[in-house]
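Work through these exercises with the structure in view. Try each task before you read its solution.

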Amino acid sequence: MSPQSRPRVFVTRQIPEKGLECLRQVAKVEVWPGDMPPNRDELLRHAEGCQGLLTLLSDRVDGELLDQVGPQLRVVCNYAVGFNNIDVAAAQQRGVAVGNTPDVLTDATADLAVTLLLAAARRLPEAIDQVRHGDWKTWEPLGLIGVDLTGKTLGIIGMGRIGLAVACRMHAGWSMDVLYTARSPKPEANQQVGGRHVDLDTLLANSDFISVHCPLSDETRGMLDAPQFAQMRSHVVLVNTARGEVIDQPALLKALTEKKIFAAGLDVTTPEPLPPEHPLVGLPQCVIAPHIGSASRDSREQMAMIAANNIIAGLNGRPLPHAVS
Ligand code: DGY
C-alpha cells in the first residue's frame with residue numbers, strides 16, 4: 001500500500017513503541033508529542049480526517065468530535081479498560097467501532113488496590129513522613145496504630161475482573177470474607193473466594209474494608225455519598241481504583257475529617273489531577289496516588305498491543321477483538 005493510500009490514525013499521546021510499530025505497518029500514524037494531552041482544539045484539529053483514533057481517558061470523544069473527524073472515521077480505541085470518556089452511543093450511531101484494553105491491566109490494578117489498602121490501614125504515609133521529617137523520636141507503644149486485616153470482611157463494589165482479583169488477593173493472603181455487589185451473582189466469586197452477593201446497604205454496614213471497582217455510569221456517579229458513609233463502620237478503610245466520580249468527594253472529606261471512617265486510599269479523584277491545595281491531599285489518613293493502577297511495564301505494553309490490534313481490525317472493517325458496547 002502506498003503511504004498516500006494508507007489510513008490515518010491519530011494517537012493522542014506517546015504509548016509504548018511496540019503498539020505504535022504495529023500500527024505503522026498498516027497506517028500513517030501521528031502521535032501527539034506532548035507530555036500533556038492535546039487540548040480540545042488541538043484534538044479536534046489533529047483528529048480531523050483520520051480513519052482511526054487511539055485515545056486516552058483524558059480525551060472527550062463525543063458527537064462533536066466524531067462529526068469533526070468526519071464520516072471516514074471507522075474506529076476509536078481507548079488506551080484503558082474504562083471508557084466513560086467516550087460517548088459510545090454517539091459512535092455507534094455514526095458507524096464507528098469502539099474498543100478498550102481489558103484484562104491485561106487486571107493484576108496491576110488489583111495490586112495497586114491492595115497496596116493502597118495496606119498503606120492506608122497501616123498509616124504508611126504518616127509513618128514515612130515521620131522518619132523523613134525527623135519526628136521519629138522513640139519506639140511508641142501508642143503511636144501510628146493502624147487497623148488489623150486478618151480475618152476481616154472485604155466489601156467489593158463491582159465484582160468484575162479487577163474486583164475479583166482484589167478479592168482473591170485479600171482472601172488468600174489475609175483470610176478475608178468477601179461481600180460484593182454486582183448486577184447479578186457471580187459464580188466465580190463464590191467458588192474462588194466464597195463471596196456473597198449482597199445489596200449495597202448490606203455491604204456498607206458489614207465491611208471492614210471497601211474497594212470500589214464498578215465502572216462510572218449515570219447509575220454509579222456519586223454512589224458513595226453522605227448517607228452511604230453514615231452506614232459504614234468507623235474503622236473502615238475505603239479504596240478506590242475505579243473512577244473518582246463514583247465517590248462524592250466532599251462527603252468523603254467530611255467522613256474522614258469527622259472520623260466517620262478510618263482512612264481512604266485513592267488512585268482516582270475528581271478532578272484529575274487533584275490540586276495539591278485540595279484538603280484531601282493534606283489529610284494524613286488519605287493516601288492518594290496519581291491514577292497509576294495500570295502503570296506496570298507489562299500492562300502498559302500489552303495495552304498498547306491490544307489497542308493497536310483493535311484499531312487495525314476496525315480499519316479493516318473486522319470486528320474488534322476487544323469491543324465495547
Ligand atoms: C483504565 O484502564 O480504565 C485505568 O483507569 C487507566 O489505566
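This is a predicted model: local features need pLDDT of at least 70, side-chain atom pairs count only at pLDDT 80 or more; totals for chains, interfaces and linings use all residues.

**Exercise 1. At what angle do helix α1 (residues 17–24) and helix α13 (residues 297–315) pack, and how far apart are their axes?**

Residues are numbered from 1 along each chain as its sequence is written.

Step 1. α1 and α13 pack at about 20°, with axes 7 Å apart. (Axes are lines fitted to C-alpha atoms, for helices over the stretch in contact; angles run from 0 to 180 degrees between N-to-C directions. Helices are DSSP runs of H or I, at least four residues, numbered from the N terminus.)

Step 2. That angle makes α1 roughly parallel to α13. (Angles under 35 degrees count as roughly parallel, over 145 as roughly antiparallel, 65 to 115 as roughly perpendicular and the rest as oblique.)

Step 3. Find the residues that meet. α1 brings K18, G19, C22 and L23. From α13 come E301, A304, M305, A307, A308, I311 and I312. (Contact means C-beta atoms, placed from the backbone, within 7 Å.)

Step 4. Sort this contact by class: eight nonpolar, one polar and two charged residues. (Ala, Val, Leu, Ile, Met, Phe, Trp, Tyr, Cys and Pro count as nonpolar; Asp, Glu, Lys and Arg as charged; the others, Gly among them, as polar.)

**Exercise 2. Describe how helix α5 (residues 106–121) and helix α7 (residues 161–174) cross.**

Step 1. Their axes come within 9 Å and cross at roughly 50°.

Step 2. α5 and α7 are therefore oblique to each other.

Step 3. List the contact. T106, D107, T109, A110, A113 and V114 of α5 meet R161, I162, A165, V166, R169 and M170 of α7. By class, the contact has seven nonpolar, two polar and three charged residues.

**Exercise 3. Into which domains is the protein divided?**

Step 1. Domain 1 covers 3–103 + 297–315, and domain 2 covers 106–288. (These bounds come from an automatic or database domain assignment.)

Step 2. The domain centres, taken over C-alpha atoms, are separated by 32 Å.

Step 3. Five residues from domain 1 and six residues from domain 2 make the contact. The domain 1 side has one nonpolar, three polar and one charged.

**Exercise 4. Which residues surround the ligand?**

Step 1. L57, A80, V81, G82, L105, G293 and S294 surround the ligand. (The C-beta atom, placed from the backbone, must lie within 6 Å.)

Step 2. This shell has four nonpolar, three polar and no charged residues.

Terms used. Helices (H or I, at least four residues) and strands (E, at least two) are DSSP runs, numbered from the N terminus. Two residues are in contact if their C-beta atoms, placed from the backbone, lie within 7 Å.
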